[in-house]
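Here is a brief report for a first look at one chain. Keep the sequence and the 3D view at hand.

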Amino acid sequence: ASGNTYLEFFPRAKTGTYVVPEEVDNIRPYAFKYSRIEKVIISKGVTMIAESAFYQCTKLHTIEFEFEREESVTITVDAFQGLTRVETLILPAKLNVIEDIKTLDKLEALKTIVVEEGGDNYSAKNNLLCDGAGTALLYVPNSFAGVFEAPMGIQSIGDGVFTGKGLSYGGSLARTQATGYGVLYLTDEML
């Protein structure tokens, strides 16, 4: 991408699937605000998704990133604010950073997380977001219910994965029950 092509505004009356043009490299704040699209495909050219880019897109159910990207993409804090129906998130291998993993909590109905193979920073196992090596569990969707079984190869669990209250949101190393350790302790004792 050229480094200076922005998607500033998307017509709210459009519906269906929208593919962001490849020449766009930056989806600006509130670009899709209140739009009625149901699926968005983020093209290979997009390198930045700004905060509130998809604000209150209440019909949006799938966010898909095109694979085989040349450049990495960054998802800023609150990029997915107000998305209550998104069930599927398909991420590229070249995902540079999700600035705050808890931004995924905005996807209240999220059930399916897929990450393209070969990513350095992120991977997915059983619809759970993991680090690139697949050894650290980073995120469990809010819609998860039932008995949790850690996928094979998981060696650590990130703060706030089960409680939603990480250190950056007021969790505490001194009060470990607020960062998920209590859940793990109880589970271990039950076994």
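This is a predicted model: local features need pLDDT of at least 70, side-chain atom pairs count only at pLDDT 80 or more; totals for chains, interfaces and linings use all residues.

Does Asn-126 count as buried or exposed? Asn-126 counts as exposed, because its relative accessibility is 61%.

Residues are numbered from 1 along each chain as its sequence is written, and side-chain values use heavy atoms, with hydrogens and water left out.

**Overall make-up**

The chain has one helix and 14 strands. Both are DSSP runs, numbered from the N terminus: helices are H or I with at least four residues, strands are E with at least two. Of the 191 residues in the chain, 42% are buried. The chain exposes about 9800 Å², and carbon and sulfur atoms supply 48% of that area. Accessible areas come from the Shrake-Rupley method with a 1.4 Å probe; for residues, only the protein chains shown count as cover. Contact means heavy atoms within 4.5 Å. Among contacts with a separation of 6 or more, 41% are between residues 24 or more positions apart.

Most residues other than glycine have a negative phi.

| Residue | Phi | Loop between | Relative accessibility |
|---|---|---|---|
| Asp-78 | about 65° | S7 (73-75) and S8 (88-91) | 22% |

Asp-78 counts as partly exposed because its relative accessibility is 22%.

**The cores**

A nonpolar core is a set of buried Ala, Val, Leu, Ile, Met, Phe, Trp, Tyr and Cys residues joined through side-chain atoms within 4.5 Å. The largest one has 38 residues. Ile-27, Phe-32 and Phe-54 have the most contacts inside it. Strands S4 (36-42), S6 (62-65), S7, S8, S9 (95-98) and S10 (112-115) each supply at least two residues of this core. The largest share, three residues, comes from S4. Leaving aside neighbours within four places in sequence, Phe-54 touches residues including Ile-27, Phe-32, Val-40, Leu-60 and Phe-80.

**Polar links**

A polar contact is a pair of N or O atoms within 3.5 Å; within protein, one must be able to donate a hydrogen and the other to accept it, and residues adjacent in sequence count only if both atoms are side-chain atoms. Thr-74 lies in S7. Thr-74 is buried, because its relative accessible area is 9%. Its side chain makes a polar contact of 3.1 Å with the side chain of Asn-96. Asp-105 is in the loop between S9 and S10. The side chains of Asp-105 and Tyr-139 are joined by a polar contact of 2.9 Å.

**An open sheet**

Four strands form an open sheet in the order S11-S12-S13-S14, with mixed pairing. Two strands pair if DSSP finds at least two bridges between them. S11 and S14 (156-157) stand at the edges with a single partner strand each, so one side of each has no neighbour in the sheet. S13 (residues 136-139) and S14 run parallel, joined by two bridges. Ala-136 stands opposite Ser-156 in S14.

How values were computed. Buried means under 20% relative accessible area, exposed over 50%, partly exposed in between (1.4 Å probe, protein chains only).
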